[in-house]
Amino acid sequence: MAKKLFIKTYGCQMNVYDSARMADVLAPLGYGPTDDPAKADMVILNTCHIREKAAEKVFSELGRLKIDRDQRQAEGNDMIIAVAGCVAQAEGAEILRRAPQVDIVLGPQTYHRLPEMVARATRASAARRAAKAAGVSRKQLPPRPGVLDTDFPVESKFDHLPEATVPQGVTAFLAIQEGCDKFCTFCVVPYTRGAEFSRPVVQIAAEARRLVDQGAREITLLGQNVNAYHGAAPRGDAEWGLGDLIRYLAETVDGLARIRYTTSHPRDMEDDLIAAHAEVPQLMPFLHLPVQSGSDRILEAMNRQHKVERFREIVAKLRAARPDLALSSDFIVGFPGESEADFLATMALVEEIGFAQSFSFKYSMRPGTPAAALENQVPEAVKDERLQRLQALLNRQLADFNRQMVGTILPVLFEKRGRYAGQLVGKSPYLQPVHAMAPDAMIGRIAMVRIDGLSHFSLAGTVTDETAAAVSVPAAGVFSREARA
Ligand code: 5AD
Ligand code: SF4
């Protein structure tokens with residue numbers, strides 16, 4: 001009988017990608033997906049450690065899962081419980097100590113070894129069942145051994161992963177780089193994901209082709225520090241940066257209409273990559289470029305390794321290369337030592353640059369990171385108040401950006417059916433959901449859509465010419481500082 005697998009994913013897109021790959025690893029063992037944890041033979045919590053309360057959320061979810069498992073065991077079934085991802089990496093031993101119901105703890109770099117771990121957990125569970133059947137009392141049952149694998153193994157998991165079994169759909173993620181050597185003083189990623197590693201170009205192109213064969217038209221290249229990419233070139237005699245990789249994928253992967261990449265660091269926004277934005281029409285004119293703060297003093301304390309002026313220069317170059325480019329960013333308020341003047345510098349930078357969409361967070365003290373040891377922590381109430389002011393500004397910019405779309409014609413890649421009969425939902429070049437009446441046959445295709453109206457998070461429009469865009473070429477000048485001024 002087919003076994004059921006339930007994966008709950010927290011956090012970033014890299015985790016979404018990892019969850020899909022864990023499902024691929026487990027498919028040959030007979031595991032297929034379910035969306036009901038109570039019916040699952042195996043549950044994986046793929047966790048995130050970037051901000052606070054993540055670990056607590058995991059422990060409360062584990063409490064709920066224990067009830068599901070007890071119920072299943074009463075019915076003669078079992079459930080393997082695994083904790084994966086960055087909380088597992090950071091707090092593996094603590095998880096096994098505090099939550100003995102957990103069978104497997106695995107870090108982000110070891111999921112290619114899941115079959116081995118599952119075999120060990122299954123053997124232990126079979127031994128318990130046999131003991132129970134032989135009348136051994138609950139207290140004397142052999143313990144669940146708790147498999148812990150949070151190594152950073154020398155072999156790369158990417159060399160050991162099977163091909164994707166479950167198609168990702170019209171838009172797909174592809175991990176090209178992992179880990180981070182930047183050591184921003186607030187961030188756990190260098191500790192949970194390890195050192196920077198780039199996959200070879202050939203391996204990435206092969207995966208991109210498979211994704212397109214499975215129906216993907218848009219691929220988002222993923223990495224914690226994706227523009228630090230430096231992978232082996234196809235002939236293996238050189239290393240390529242992200243700009244070259246994007247050009248290569250655009251030229252050699254037939255049917256790939258849209259390329260995106262995330263998440264970038266301003267430090268690695270090199271001229272060659274900026275030039276790719278001008279040269280490659282498939283590269284979407286929407287870039288997530290976290291700046292975190294508009295104050296040089298705070299950027300320095302964060303170890304971001306660049307000044308505000310450098311960020312301005314990069315944005316100017318990007319806009320010169322691609323005038324319709326829009327930006328999104330990440331911001332942290334209340335980093336230790338942030339004064340009102342530092343915060344106002346962030347607000348001023350946001351006003352100056354103009355962001356289409358952004359993510360903003362209160363600084364969260366992460367154990368083991370250098371900033372956690374700083375003494376001048378900002379009171380919670382001040383962080384709350386600054387976050388509110390920043391978010392009010394960012395939300396206004398988001399609304400302005402969306403409003404400007406009304407009356408323009410945008411290429412929309414349709415992904416799936418909408419809520420109403422005959423309606424499809426797709427994405428604009430700027431990742432805005434767009435609703436339009438269109439036949440199902442348009443799913444997976446790009447059509448020009450005139451934007452007629454908007455709701456809070458999405459646009460509504462009318463297909464004007466279904467065949468106009470073989471590849472996505474956004475209407476020129478849709479969004480630039482000049483257009484908004
Ligand atoms: N506190 C608050 N925000 C953080 N981020 C990363 N670490 C922290 C932290 N300790 C934010 C940064 C990063 C995004 C993914 O999460 O803005 O760009
Ligand atoms: Fe974290 Fe900084 Fe690395 Fe981004 S660049 S993952 S914020 S350490």
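Q: Which residue stands opposite Leu 459 in S21?
A: The idea rests on pairing: two strands pair if DSSP finds at least two bridges between them. Strands are DSSP runs of E with at least two residues, helices are runs of H or I with at least four, and both are numbered from the N terminus. In this case Val 434 stands opposite Leu 459 in S21, and Ala 436 stands opposite Gly 461 in that strand. Strand S19 (residues 433-437) and strand S21 (residues 459-465) are joined by 3 bridges and run parallel.

Q: Good start! What should I know about the model and its numbering before going on?
A: This model is predicted: local features need pLDDT of at least 70, side-chain atom pairs count only at pLDDT 80 or more, and totals for chains, interfaces and linings use all residues, while side-chain values use heavy atoms, with hydrogens and water left out. Residues are numbered from 1 along each chain as its sequence is written, and chains are lettered from A and ligands numbered from 1 in the order in which they are written.

Q: How many bridges join S20 to S21, and in which sense do they run?
A: S20 and S21 run antiparallel, with 6 bridges joining them. They make a hairpin, with 4 residues between the two strands. Ile 451 stands opposite Gly 461 in S21.

Q: In what order do the strands of the barrel come?
A: Follow the pairing from strand to strand. The order is S17-S18-S19-S21-S20; these 5 strands close into a barrel and their pairing is mixed. On average, neighbouring strands of this sheet are turned by 55° against each other, direction ignored. Axes are lines fitted to C-alpha atoms, for helices over the stretch in contact, and angles run from 0 to 180 degrees between N-to-C directions.

Q: Which strands does H12 lie across?
A: Contact here means heavy atoms within 4.5 Å. Helix H12 lies across strand S17 (409-417), strand S20 (446-454) and S21, and runs at about 115° to S20.

Q: Is Leu 390 buried or exposed?
A: The cut-offs are on relative accessible area: under 20% is buried, over 50% is exposed, and partly exposed lies in between, with a 1.4 Å probe and protein chains only. Leu 390, in helix H12 (residues 380-405), counts as buried because its relative accessibility is 0%. Leaving out residues up to four places away in sequence, Leu 390 touches Phe 331, Val 333, Phe 343, Met 347, Val 350 and Ser 360.

Q: Which strands stand at the edges of the open sheet?
A: The open sheet has 6 strands in the order S2-S1-S3-S4-S5-S6, with parallel pairing. Strand S2 (31-33) and strand S6 (147-149) are at the edges; each has a single partner strand, so one side of each lacks a neighbour in the sheet. Neighbouring strands here are turned by 20° against each other on average, direction ignored.

Q: Which residues of S4 lie on one side and which on the other?
A: In a regular strand, side chains alternate between the two faces of the sheet. In S4, Ile 80, Ala 82 and Ala 84 are on one side, with Ile 81 and Val 83 on the other, and all are buried. Strand S4 (residues 80-84) pairs with strand S3 (residues 42-47) in the parallel sense over 5 bridges, and Ile 44 stands opposite Ala 82. On the S5 side, the bridge partner of Ala 82 is Ile 104. Helix H2 (residues 54-74) lies across strand S1 (3-9), S3 and S4, at about 175° to S3.

Q: How do the axes of helix H7 and helix H8 cross?
A: Two packed helices are described by the angle and the distance between their axes. The axes of H7 (residues 242-252) and H8 (residues 271-279) come within 7 Å and cross at roughly 25°. The two helices are therefore roughly parallel to each other, as angles under 35 degrees count as roughly parallel, over 145 as roughly antiparallel, 65 to 115 as roughly perpendicular and the rest as oblique. Among the residues of H7 that meet H8 are Leu 242 and Ile 246.

Q: Where is Thr 185 found?
A: Thr 185 is in the loop between strand S8 (177-178) and helix H5 (189-192). With a relative accessible area of 12%, Thr 185 is buried. Its contacts, not counting residues up to four places away in sequence, include Ala 301, Met 302 and Phe 335.
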